Each structure stands twice: as structure tokens, then as C-alpha cells.
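Subject: Structure handover, salt bridges

Hello,

Please find the structure below. My notes on its salt bridges follow it.

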Amino acid sequence: MDLAAKIAAAETRIFKAVFPNTTNHYDTLFGGTTLHLMDEVAFITATRFSRLKMVTVSSDKVDFTHPIPGGTLVELIGNVEHVGNTSLKVRVELFVEQMYSEERVKAVSGLFTFVAIDHDKRPVRILPAAV
């Protein structure tokens, strides 16, 4: 499988409902809960791409551009954006949808960096070395 096909096959989509136990005093999704969901989707995407043990090493520039009200649905989409020797970057976008209409808007976007590790927690190559 070529790199583009491998990246496409690793795309991860997860839907969640925003219930009252996940909202703050403004009745919007807690920022920490949002980051937790995004990191989870990024981890799944990185693992599906590499099929290796992956650990999060950073999250960069997470932009909250639209509130995520209680009683809505969210879709999180993870895509591999860059592949290095031992690390890769995953872009996660979160879209909020109204439950009873077709309204949908991108609410959050962020970039997560992962490193592949071996059983001793040392970095390992993600892709085989070129021959």
C-alpha cells in the first residue's frame, strides 16, 4: 500500500452526544473534555496508520472557534498530516451538529504529535527504511 492510501485508510471518525454531565456552567462542552476526545481520536488515527505503540508528545495550536452546546452531536475526524522517521502528526477537527436540523459547523481544530515506541519506550521507525 502506498503512503497516500495508508493515510486515507487511517482516517478516523467518531460521533458523540454532548450530555449535561460533560458541559460547564455555560452549558457548553468542557474544554478539557474536548481535548480528551481529540487526543483519543488522534491516538486511534496514529495507531491505525502505524500499527505500532504510539504516545502523544505534543498538542499544537488547538483553536476553539465555535461553542459546543449541550444537546448537540459532535463528530471528530482524525487525519494523518505528516509522517516523519519516528513521529507523525495528526490533525483532528471537531464538528458540532444540531440534533434536529442539518446545521453543522467546525468548532475546534488541533494538531497532535505522536512518537512510535518499542517495549522499552524507545523511539522506533514508523515506516521501513528505503531500500
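A salt bridge here is a side-chain nitrogen of Lys or Arg within 4 Å of a carboxyl oxygen of Asp or Glu. By this rule the count comes to ten. Please keep in mind that the model is predicted.

Lys89 and Asp60: their side chains form a salt bridge with an N to O distance of 3.9 Å. The pair links distant parts of the chain, with Lys89 in strand S4 (residues 87-98) and Asp60 in strand S2 (residues 53-64), 29 residues apart. Lys89 is partly exposed at a relative accessible area of 27%, and Asp60 is partly exposed at 29%.

Arg91 and Glu81: the closest N and O atoms of this salt bridge are 3.1 Å apart. This pair, too, links distant parts of the chain: Arg91 belongs to strand S4 and Glu81 to strand S3 (residues 72-83), ten residues apart. Arg91 has 25% relative accessibility and counts as partly exposed. Glu81 is also partly exposed, with a relative accessible area of 45%.

Glu97 and Arg104: here the side chains meet at 2.6 Å, N to O. Glu97 has a relative accessibility of 19%; buried means under 20%, so Glu97 counts as buried. Arg104, at 36%, counts as partly exposed.

Glu97 and Arg104 also belong to a network of salt bridges, in which they are linked with Glu11, Arg13 and Glu75.

Regards

Key. Residues numbered from 1 in each chain as written. Predicted model: local features only at pLDDT ≥ 70, side-chain atom pairs only at ≥ 80, totals over all residues. Heavy atoms only, no water. Helix = DSSP H or I, 4+ residues; strand = E, 2+ residues; numbered from the N terminus. Buried < 20%, exposed > 50% of the residue type's maximum accessible area, 1.4 Å probe, protein only.
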